[in-house]
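Have the structure open while you read.

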Amino acid sequence: MENLIFSLNATIPIFLMMLLGLLFRKLGWIDEVFASRMNKFVFLVPLPVMLFEDLATVDFSQVWNPKFVLFCFGATFLSIGIAAGISFLWRDRSAQGEFIQASYRSSAALLGIAFIQNIYGNAGMAPLMIIGSVPLYNVMAVVVLSFFHPERKKMDGKLWRDTLKGILTNPIIIGILAGLFWSLFKFPVPEILDKTISSIGSTATPLGLMAMGATFDIRKAFGKARPALTAAAIKLLGFEALFLPAAIGLGFRQEELVAILIMLGSATTVSSYVMARNMGHEGVLSSSVVMMTTLFSAFTLTGWLYLLKSMGMI
């Protein structure tokens, strides 16, 4: 019951923030132009700052476990490949990139540490899970959204160059690289800088959620209902059923197993919508999957936790 209450407290407010954005749009307080600019601002500033903060404050020497990091990286990489393969089943290829990204990309950095702290009293293996998965999440999101663009052209040298340029100049990638560099060299973070970074990064989720809600079109969402439901099912059930037994077989237990569960089964991150919109995609499928997975992840995560607890794994 405590896990259920925690999950509801973690996910329902996020869903309500989306509904607030939708309400503000209906009331005329947010228009399409303002929501679009807010999306761009979140993409350029708060999201990269939030990722920098997540990685810059990780102490590698205290919790480093290469086997665990490699598993998180490998499971994420395979998840992307599986989602890409399934995406070719749809006749409508215009949202193929959004489908792939929404199917694999979790709210690991946002929910992972909080969820594990609630169970074990400390961050546990969440920082290593973030290192193993979040950079790959974002790098592959840029690649996927570039190559599977609705108006994609022939795969020539120019497209490869444009894609590489997009990756290297992507604000989120820059935030990740800066955070890793800061952490590896153990640069101190002065309190004034730390509070400033934290304040800026904390605006990413609420602003992104409200902007997403303000631009959400329920009629278009129903037009994408089948791929959205498929992506949500893969995100909340499919990858867990595939990779959790492998993790157990490799000997991962307790905090490690919970971190892997969060990596695989938490709701699709709102930044997937922000990135999709800012890279020329419609964003309807992304927002639909975010809303579905946010609503139902409280129940699916609790179910997986109950199963693992019953098996004596956590």
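## Inside the core

Set aside the neighbours within four places in sequence, and I260 is in contact with F68, F71, C72, L244, A247 and F252 (contact means heavy atoms within 4.5 Å). Of the 80 residues in the largest nonpolar core, F68, L257 and I260 touch the most other members. A nonpolar core here is a set of buried Ala, Val, Leu, Ile, Met, Phe, Trp, Tyr and Cys residues joined through side-chain atoms within 4.5 Å. Buried means under 20% relative accessible area, exposed over 50%, and partly exposed in between, with a 1.4 Å probe and protein chains only. Helix α8 gives the most to this core, with 14 residues. Another core, of seven residues, lies apart from it, and I30, M38, M210 and A211 are among its members.

A word on where this comes from: it is a predicted model, where local features need pLDDT of at least 70 and side-chain atom pairs count only at pLDDT 80 or more, while totals for chains, interfaces and linings use all residues. Residues are numbered from 1 along each chain as its sequence is written, and side-chain values use heavy atoms, with hydrogens and water left out.

## The chain as a whole

The chain has 17 helices and zero strands; these are DSSP runs numbered from the N terminus, H or I of at least four residues for helices and E of at least two for strands. Of the 314 residues in the chain, 53% are buried. Look at the contacts between residues at least 6 apart in sequence, and 85% of them join residues at least 24 apart.

The axes are lines fitted to C-alpha atoms, over the stretch in contact for helices, and the angles run from 0 to 180 degrees between N-to-C directions.

| Helix pair | Axes | Crossing angle |
|---|---|---|
| α16 (residues 270–278) and α17 (residues 284–310) | within 9 Å | roughly 175° |
| α3 (residues 46–56) and α11 (residues 191–201) | within 8 Å | roughly 130° |
| α6 (residues 96–104) and α8 | 9 Å apart | about 165° |

Angles under 35 degrees count as roughly parallel, over 145 as roughly antiparallel, 65 to 115 as roughly perpendicular and the rest as oblique. So α16 and α17 are roughly antiparallel to each other. On the α16 side, V270, S272, Y273 and A276 make the contact, and on the α17 side S286, S287 and V290 do. Helix α16 is mostly covered, with seven of its nine residues buried, and after α16 comes G280, whose phi is positive, near 90°.

The α3 and α11 pair is therefore oblique. Here P46, V49, M50, F52 and E53 in α3 meet D194, I197, S198, I200 and G201 in α11.

As for α6 and α8, they are therefore roughly antiparallel to each other. G97, E98, I100, Q101 and Y104 of α6 touch Y137, M140, A141, V144 and L145 of α8.

Not counting residues up to four places away in sequence, N138 touches L51, R105, I172, I173, I176 and M275. M275 is also one of the buried residues of α16.
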